[in-house]
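Please read them alongside the coordinates.

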Amino acid sequence: MAEEHTISDSEERIFVAGQMQLMWWRFRKHRVAVVATFVVVAFYVVVLAADFLAYTDPNTTEAYRLLMPPQPIRFFDNGSFRPHVYAVSGKRDLRTFKRVYEADPNNKLTVRFFARGYKYKLFGFIRTDRHLIGVEGATAAESLFLLGTDEKGRDVWSRMMVATRTSLTIGLVAVALSLVLGVLLGGISGFYGGAIDSIIQRLIEILRSIPTIPLWMGMAAAFPREWSVEQIYFAITIVIALRGWTGLAREVRGRFLSLREEDFVTAADLAGCSRKRIIFRHMIPSFQSHIIAAATLSIPAMILAETALSYLGLGLRPPAISWGVMLQQVQNVEAVALSPWLLVSAVPVIVVTLAFNFMGDGLRDAADPYGI
Amino acid sequence: MQDDRQPILSVRNLKTSFFTDEGIVRAVDGASFEVHLGQTLGIVGESGCGKSVTALSILGIVPRPGRIVEGEILLRRETGNGQSQEVALTSLGDSSSEMRSIRGAEIALVFQEPMTSLSPVHTIGNQIIGAARLHRKLTKQEASELAVELLSLVGIPRAEGAIDAYPFQLSGGLRQRALIALALSCDPRLLIADEPTTALDVTTQAQILDLLRSLQEQNGMAIMLITHDMGVIAEMADQVVVMYLGRVVEEGPVDTVFGESKHPYTQSLLRSIPSIHSTPKVQLPTITGTIPHPYNRPAGCPFHPRCPDVMPGVCDHHEPELQSVGDEHLVSCFLYHPVPETSS
Amino acid sequence: MLAYAARRLVLAIFTLWTVTVLSFIIIQLPPGDFVDAYMAQLSATQSNVSEQHFESLRRQYALDRPMYVQYLKWMSGVFSGDFGTSMMWRKSVLDVIGDRLAMTMVLSLGAIILTWAIALPIGIYSAVRQYSIGDYVFTFIGFIGLGVPSFLLALVLMYLGFTLFDSDIGGLFSPEYQLEPWSWGKVKDLLYHLPLPAIIIGLSGTAELIRVMRANLLDELRKPYVITARAAGMSERSLVLKYPVRVALNPFASTVGYLLPYILSGSVIVSVVLGLPTLGPLLLGSLVAQDMFLAGTIVMMLGALTVIGTFLSDLLLMWIDPRIRFEMVQ
Ligand SMILES: Nc1ncnc2c1ncn2[C@@H]1O[C@H](COP(=O)(O)OP(=O)(O)OP(=O)(O)O)[C@@H](O)[C@H]1O
Ligand code: SF4
Ligand SMILES: [Mg+2]
């Protein structure tokens with residue numbers, strides 16, 4: 001019958017759509033996942049433009065501005081739009097020995113867009129000293145402290161921008177390392193089977209049954225004191241990836257096992273394709289969507305691992321700045337109670353973890369609409 | 001005894017739909033038939049035509065997002081002292097206590113997959129005892145004796161041991177027997193067997209069918225046998241209902257439907273049964289085309305895209321109705337009754 | 001059944017061995033041997049340190065011999081209950097650890113029990129009432145649980161406890177019991193302080209278990225045996241509890257295996273934040289001070305706890321799942 005064989009436009013699109021295309025169509029339906037993706041993208045924009053979004057050099061300490069609370073921006077001045085903050089003067093309370101700060105409504109510091117500040121390289125190569133906002137010509141003490149200062153008088157907002165760069169790239173590097181190991185070992189395990197498979201499977205089982213934090217702590221504690229920030233950065237990604245690969249390897253192996261039986265792989269085998277070619281040209285593309293989903297879901301754990309290690313003082317150390325390093329200043333309840341704004345670096349940790357989880361969940365559903 | 005002419009179950013214009021995110025699936029779309037005590041009604045049709053959903057509708061256990069949207073299901077219940085009374089199952093709440101006292105006790109179901117129709121982590125005995133004690137006042141001891149009795153009745157060897165067995169320790173055939181024993185535990189008057197033999201090998205199939213027949217002879221229950229196998233129907237049924245896409249397309253006594261089949265769909269089903277007389281190694285005739293998806297059922301006669309006798313302009317514009325073409329013989333096809341005059 | 005148990009046992013022993021090797025590696029990781037570190041530390045505080053003392057220490061730990069001999073030496077010590085000496089405390093490692101191991105076990109067990117007690121009913125509810133408001137609410141809370149790292153949660157709760165209730169939620173004992181010997185009062189005090197840290201530690205595990213239970217149960221609810229039970233006239237409530245929940249419990253039981261590493265990991269870092277007298281703060285302290293025998297022993301104990309716990313949960317699974325008992329599933 002004629003009607004039976006005509007195919008509507010949308011169906012035809014489905015026939016010719018590649019796997020990634022299909023995945024995208026299904027992904028779009030998950031509202032929460034799409035929103036989460038925007039959040040993740042926004043975070044990586046911060047990664048790219050961290051120095052532009054900061055306005056004070058994150059490592060400049062200012063003895064007269066220790067533990068200063070956040071300073072609210074006032075947008076209107078006598079009815080006209082002129083963002084400004086009040087200058088602050090601090091003195092030590094002689095009874096409690098705490099520094100107390102007092103805003104001076106008569107001394108208004110104008111906050112400008114694209115203000116000049118410290119010099120840096122935008123995206124790593126454009127030399128500039130422009131920042132999104134800033135108080136131009138400010139002295140170190142009379143400046144902007146959007147989110148207050150930490151116990152060394154450093155600006156929390158600017159530090160958080162730079163910390164975002166560190167923490168989020170650590171997650172990416174660690175996941176990249178895990179991915180290489182996971183696809184390689186999981187692929188070998190699933191493709192060859194037999195004894196190799198058993199050995200790799202037992203290894204994964206053992207690695208997964210050991211509590212990670214103590215192990216990471218033990219390894220991280222051994223990083224020599226004299227190592228540079230970069231060396232520790234990479235050492236940490238390696239330590240994290242050492243266990244991170246196991247989950248991805250399981251995923252890849254599972255896919256390999258089910259694919260090995262599929263016709264198109266047999267066909268490629270019969271057609272005399274080399275093993276390597278079968279794996280890289282045929283098998284991996286057919287489940288890359290699953291790998292992407294699994295990798296996305298494993299990023300938050302890696303970010304958290306770095307945060308936890310640095311928080312304990314075993315991961316990145318100053319002068320490196322990461323969320324964990326910043327949180328190190330709130331080790332006990334007194335610190336939190338005295339300067340609760342220092343907890344603000346927990347916010348991006350939580351938001352980005354949730355965003356990656358929601359996004360990964362959406363990706364997984366999109367990759368495997370029939371899976372659980 | 002009640003009047004033999006009065007059916008124990010009558011289903012009238014039953015419509016059950018699933019309201020899924022993608023659209024409405026009209027799984028059963030106006031099915032009507034009757035079942036009599038001591039008789040077997042065969043329901044036959046291709047996979048997906050709504051046979052199982054019909055069975056679930058009768059028991060009031062259509063899973064979400066499905067529900068009965070129209071029609072009546074009437075069950076004749078004995079009220080003691082030889083009297084009987086019709087109950088409209090469709091007007092009872094699915095989880096009402098009256099409906100639950102009917103499920104399992106008056107109408108029992110043997111579901112289509114023997115492999116997974118029993119809980120894998122409970123013993124056979126546990127499951128039968130649990131079912132028996134729902135409707136009968138029995139002590140554990142009595143119930144377990146009943147279970148042994150039922151298991152040997154359905155031909156499970158060493159029944160005393162079998163009640164402690166887990167389903168995975170039994171073969172498919174034995175599992176199906178255990179499932180039948182479970183269904184019989186409260187002595188139902190109507191047994192719905194949904195493809196009881198599909199998953200089994202030929203010899204076991206024949207044994208299970210024999211078992212059902214002899215059970216019916218012993219206790220005179222009505223059986224509603226669902227299958228897609230015309231051969232099974234020929235062997236077992238007294239009455240036949242042929243379903244296509246949720247509708248009954250032909251209905252009648254088994255000899256009439258087989259001997260003088262009227263509906264083109266029934267005819268093609270019959271042609272696809274292998275027979276002793278067919279030439280070996282010649283492909284059996286198949287029905288051309290595939291079953292349309294129930295989301296977008298064709299307008300007019302649902303069978304028209306695949307019908308060899310289709311009358312363009314008629315069959316694709318008007319819906320045929322189930323009408324009598326002879327003694328107890330009903331067909332829904334424009335080849336046998338007039339086309340309505342007007343078309344809108 | 002025996003073959004299954006034996007397989008699990010072999011794997012457990014093998015994992016245990018790996019744990020000892022890893023712990024030993026951690027002991028060895030810092031540059032220089034531990035006597036060097038010890039010497040440095042001693043000479044900083046005392047002037048008269050005898051060279052002989054170090055030599056005898058070196059011999060005791062076979063530091064002049066190949067690595068594997070050192071490992072064997074250490075292991076034979078471990079088997080006879082000698083885990084080495086803590087430099088920081090100048091005491092045997094076991095004395096330093098004291099009842100902190102037991103506290104860690106109590107805390108982890110509490111976390112597991114709470115995790116189960118919360119996850120099981122919520123998982124059942126969410127599956128049976130799929131897509132209800134309650135299901136959405138629990139799913140949302142579950143996501144938060146997955147997303148918020150336990151040590152941050154501990155920090156935030158501590159802050160809230162401090163500002164809103166002016167109470168210190170840290171610790172496992174009230175100050176008056178802290179140094180007391182064990183008594184009924186102390187046990188009660190412990191039970192009173194235990195739930196909060198246990199919940200904090202268990203939260204992400206709880207969220208995961210709710211997901212597992214919900215997914216398993218949704219799967220089971222679609223199985224034909226549920227239709228069989230329904231058709232037999234069982235009420236929905238007793239049916240769900242008797243069959244699908246029971247079947248879905250099996251994979252649930254096996255989750256202890258992967259729950260334990262998380263919980264022990266979590267207990268370390270949460271204990272540091274909340275100042276609980278468990279192995280966690282001790283581990284951190286020993287690592288910072290490079291007190292490697294203490295650190296290595298703690299890592300090994302935590303690893304051993306997981307392995308043993310996992311093995312016990314495997315046995316539990318065998319006991320509740322007849323398919324494994326009769327070796328249908330490997
Ligand atoms: N839970 C459900 N949700 C949505 N659609 C359903 C559901 N259950 C059944 N259907 C639809 O109802 C229609 C009838 O299904 P049914 O199971 O009754 O077929 P059947 O005749 O028993 O087929 P088979 O021979 O394969 O058992 C099918 O098209 C199916 O897609
Ligand atoms: S009504 Fe028309 S299309 Fe339908 S079965 Fe009859 S002849 Fe065929
Ligand atoms: Mg069916």
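1. In β8(B), what is the bridge partner of B:G42? The partner is B:L225. B:G42 also stands opposite B:V240 in β9(B).

2. This is a predicted model, in which local features need pLDDT of at least 70, side-chain atom pairs count only at pLDDT 80 or more, and totals for chains, interfaces and linings use all residues. Residues are numbered from 1 along each chain as its sequence is written, and chains are lettered from A and ligands numbered from 1 in the order in which they are written.

3. Strand β3 of chain B covers residues 40–44. Its pairing with β8(B) (residues 222–227) is parallel, over 5 bridges. With β9(B) (residues 239–244), β3(B) also runs parallel, joined by 4 bridges. Strands here are DSSP runs (E, at least two residues), and two of them pair if DSSP finds at least two bridges between them.

4. Because 5 of the 5 residues of β3(B) are buried, the strand is largely enclosed by the rest of the structure. Buried means that 20 or more other C-beta atoms, placed from the backbone, lie within 10 Å of the residue's own. B:T40, B:G42 and B:V44 point one way from the strand, and B:L41 and B:I43 the other way.

5. Ligand 2 is surrounded by 14 residues, and the closest are B:C301, B:H304, B:C307, B:C315 and B:C333. A residue is counted as near if its C-beta atom, placed from the backbone, lies within 6 Å of the molecule.

Key. A residue is buried if 20 or more other C-beta atoms lie within 10 Å of its own, exposed if 12 or fewer, and partly exposed in between; C-beta atoms are placed from the backbone.
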